Amino acid sequence: MQLKDVMTAEVEVIAPEASIYEAAETMRHRDIGPLPVCDGERLVGMLTDRDITVRAVAAGRDPLTTPVREVMTSDVVYGFEDQAVEDAARLMEQYQIRRLPVLNRSQQLVGMVALGDLAVHAGTRPVAAEVLEQVSEPGTSGRK
């Protein structure tokens, strides 16, 4: 099974020049925690509610004037739509991430795969259980 078979294709994104206030409003409105950051069709980062809290609010940054690019995570781990689900699961385990952006071979964002996506597809349930176990371990990935 490939990532395109289990991914969510409709993905909300935010521009790097948008304010973190706009990002937080989008997260609240859509009831989501992570937002892919795209410059046009190119994925340039990921922004999470934790990024906003730790890198902006705790640092005293103004949410109305702080652009997303200043608090996003720019070293994004991603998979390709034609990649095997098991390969993507290994990435999620290795980097202890619960959501993986999915790109096409032209490097354009085409979807997201969440741990929950793996859990609801019959053929991927054992993979999901393994990923959940690894993602739930204390962090050692060195990612910020």
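**Exercise 1.** By about how many helical turns are Arg-55 and Asp-51 separated in helix α3?

*Solution.* The model is predicted: local features need pLDDT of at least 70, side-chain atom pairs count only at pLDDT 80 or more, and totals for chains, interfaces and linings use all residues. Residues are numbered from 1 along each chain as its sequence is written, and side-chain values use heavy atoms, with hydrogens and water left out.

Step 1. Helices (H or I, at least four residues) and strands (E, at least two) are DSSP runs, numbered from the N terminus. Helix α3 covers residues 49–57, and because Arg-55 and Asp-51 are four residues apart in it, about one helical turn separates them.

Step 2. An α-helix has 3.6 residues a turn, so residues three or four places apart point the same way.

Step 3. The two side chains meet in a salt bridge, at 3.6 Å from N to O. The term requires a side-chain nitrogen of Lys or Arg within 4 Å of a carboxyl oxygen of Asp or Glu.

Step 4. Buried means under 20% relative accessible area, exposed over 50%, and partly exposed in between (1.4 Å probe, protein chains only). Asp-51 is therefore buried at 7%, whereas Arg-55 is partly exposed at 24%.

**Exercise 2.** Determine how many salt bridges the whole structure holds, and examine two further examples.

Step 1. The buried residues of α4 are Val-85, Ala-88, Ala-89, Leu-91, Met-92 and Glu-93. Just after this helix, Gln-96 adopts a positive phi of about 50 degrees.

Step 2. Another salt bridge is formed by the side chains of Glu-70 and Arg-61, at 2.0 Å from N to O. Glu-70 has a relative accessible area of 45% and is partly exposed; Arg-61, at 30%, is also partly exposed.

**Exercise 3.** Describe the open sheet and the hairpin within it.

*Solution.* Step 1. The sheet has three strands in the order β3-β4-β5, with mixed pairing. Two strands pair if DSSP finds at least two bridges between them. The edge strands, each pairing on one side only, are β3 (79–80) and β5 (109–114).

Step 1. Strand β4 (residues 99–103) runs antiparallel to β5 and is joined to it by five bridges. Leu-100 has Val-113 as its bridge partner in β5, and Pro-101 stands opposite Met-112.

Step 2. β4 and β5 form a hairpin with five residues between them, and Gln-107 in the turn has a positive phi of about 70 degrees.

**Exercise 4.** Classify the aromatic pair of the structure and state what surrounds Phe-80.

*Solution.* Step 1. The structure holds one aromatic pair. The ring centres of Tyr-78 and Phe-80 are 5.6 Å apart and the planes stand at 85 degrees, so the pair is edge-to-face. Rings of Phe, Tyr and Trp (its six-membered ring) pair if their centres lie within 6.5 Å; planes under 30 degrees apart count as stacked, over 60 as edge-to-face and the rest as tilted.

Step 1. Phe-80 is buried at 15% relative accessible area, whereas Tyr-78 is partly exposed at 31%.

Step 2. The charged end of Arg-105 sits over the ring of Phe-80, 3.9 Å from its centre. This label requires NZ of Lys or CZ of Arg within 6 Å of the ring centre and within 35 degrees of the ring normal.

**Exercise 5.** Locate Thr-8 and list its contacts beyond four places in sequence.

*Solution.* Step 1. Thr-8 lies in the loop between α1 (3–6) and α2, and is partly exposed at 38% relative accessible area.

Step 1. Not counting residues up to four places away in sequence, Thr-8 touches Val-110, Gly-111, Met-112 and Asp-117. Contact means heavy atoms within 4.5 Å.

Step 2. The C-alpha atoms of Thr-8 and Met-112 are 5.3 Å from each other, although the residues are 104 apart along the chain.
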